[in-house]
Amino acid sequence: MTRVVYVNGAYLPYAQAGVHAEDRGNQFGDAVYEVCEVLKGRLVDETRHLARLVRSLDELGIDLPMTTKALGRVMRESIRRNRVHEGLVYCQVSRGAAPRSFLFPGPDVPPTLIVLARRVGRAAAESQAAEGIAVKTMPDSRWGRVDIKTVMLLPSVIAKEAARAEGAKEAWFVDKDGRVTEGGSSNAWIIDAQGHLITRQADEGILRGITRDVLIELAARRGLVVVERAFTVAEAYAAREAFVTSATNLVMPVVRIDGRAIGNGHPGSFAVDLRRQFHSAAEIAAA
Ligand code: PMP
């Protein structure tokens, strides 16, 4: 369990770890976040996650209230204080708390920084990966800058809940041309009959996943062909394999899409192999 949470300079007991009622994260979704995996008490791909956090903040003109090096220290201290061996660290930065106004507050209003570390056992994810997951496609109703990792996650909340209602673990968003963009909280991949890995190009229409980037490097090192382009729902139904990637689920095989079995209906061998090898390609930080 999470025992203490870092909020604006203090490590507070979980039950007391709140932000102001007029925090812009609450009122406008005016905040960005990152989720980093923790493995054996160490941060996985810290450098890339912090670089993406800085990019998200820069796109929105929000300041990071400390250096990324100092934030790395807070993340480590949160891991230590919560005795996280396996799990995650969640960081959120909002534009701060001020009387409600659409316009940005003045420079005197400091951003709000939250860092929360949590234990998450790997056993559940491993048994899920052994089975594979079902996904459900639905229209992508999000705004046009989902490359920025904001907390405006309501479309994903609604989509993932709708997926769950049909026994699916993830929603796959589909654009108006019938092409899959990404998952509600993951990047979407298929493998075609030639064994080519296909995942949507990282422009403003998807979040450029850190797990996605690391996997592209891993695949290249293994001599696999990765094609970054949008694929249609029909291509996905006919794929040899499918999977999703995210920091919390790594490489997760997809065995059903909209109730149709993918491949032989079991996790594919490429996905299983890539999952097994993932951490060999990731950056594992010092404790
Ligand atoms: N797309 C979306 C919409 C996500 O929310 C996430 C997870 N945060 C991802 C992709 C995967 O990103 P990452 O591999 O960096 O966790």
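A nitrogen atom of the ligand sits 3.5 Å from a polar backbone atom of Ser-186, a polar contact being a pair of N or O atoms within 3.5 Å; within protein, one atom must be able to donate a hydrogen and the other to accept it, and residues adjacent in sequence count only if both atoms are side-chain atoms. The protein covers 92% of the 390 Å² of accessible area that the ligand has on its own, where accessible areas come from the Shrake-Rupley method with a 1.4 Å probe and, for residues, only the protein chains shown count as cover. The model is a predicted one, in which local features need pLDDT of at least 70 and side-chain atom pairs count only at pLDDT 80 or more, while totals for chains, interfaces and linings use all residues. Residues are numbered from 1 along each chain as its sequence is written, and side-chain values use heavy atoms, with hydrogens and water left out.

An oxygen atom of the ligand lies 2.8 Å from a backbone N or O atom of Ile-210, and a nitrogen atom of the ligand lies 2.6 Å from a polar side-chain atom of Glu-182. Both residues are also listed among those that come nearest to the ligand, together with Lys-149, Thr-211 and Ala-247, out of the 18 residues around it; a residue is near a molecule or strand if one of its heavy atoms lies within 4 Å of it. By class, this shell has four nonpolar, ten polar and four charged residues. Here Ala, Val, Leu, Ile, Met, Phe, Trp, Tyr, Cys and Pro count as nonpolar, Asp, Glu, Lys and Arg as charged, and the others, Gly among them, as polar. At least two shell residues come from each of α2 (46-60), β9 (179-183), α6 (210-221) and β14 (241-246). These elements are DSSP runs numbered from the N terminus, with helices being H or I of at least four residues and strands E of at least two.

Within the protein, the side chain of Glu-182 forms a polar contact of 2.9 Å with the side chain of Arg-142 and another, of 3.4 Å, with the side chain of Asn-187.

Arg-208 is placed in the loop between β11 (197-199) and α6 and is partly exposed at 47% relative accessibility. In helix α2, Arg-55 is partly exposed, with a relative accessible area of 36%. For Arg-55 and Ile-148, 93 residues apart along the chain, the C-alpha separation is 7.8 Å. Glu-126, in helix α4 (residues 122-131), is partly exposed at 33% relative accessibility. Glu-126 and Asn-249 are 123 residues apart in sequence and 9.0 Å apart from C-alpha to C-alpha.

Leu-250, although not a glycine, has a positive phi of about 50°. Leu-250 lies in β15 (residues 250-257) and counts as buried at 5% relative accessibility. Asp-258 likewise has a positive phi, near 50°, in a residue other than glycine. Asp-258 sits in the loop between β15 and β16 (260-261) and, at 25% relative accessibility, is partly exposed.

Elsewhere, Gln-92 of strand β5 (residues 87-94) is buried, with a relative accessible area of 15%. The side chain of Gln-92 makes a polar contact of 2.5 Å with the side chain of Tyr-90.

Helix α8 (residues 269-281) has 13 residues and should span 18 Å at 1.5 Å a residue, which agrees with the 18 Å between its end C-alpha atoms; the expected span is 1.5 Å times one less than the number of residues. A bend of about 35° occurs in α8 at Arg-275, the bend being the angle between axes fitted to the seven residues ending there and the seven starting there. Arg-275 is also one of the buried residues of α8, which include Phe-270, Ala-271, Leu-274, Phe-278, His-279 and Ala-281. An α-helix has 3.6 residues a turn, so residues three or four places apart point the same way.

Technical notes: Buried means under 20% relative accessible area, exposed over 50%, partly exposed in between (1.4 Å probe, protein chains only).
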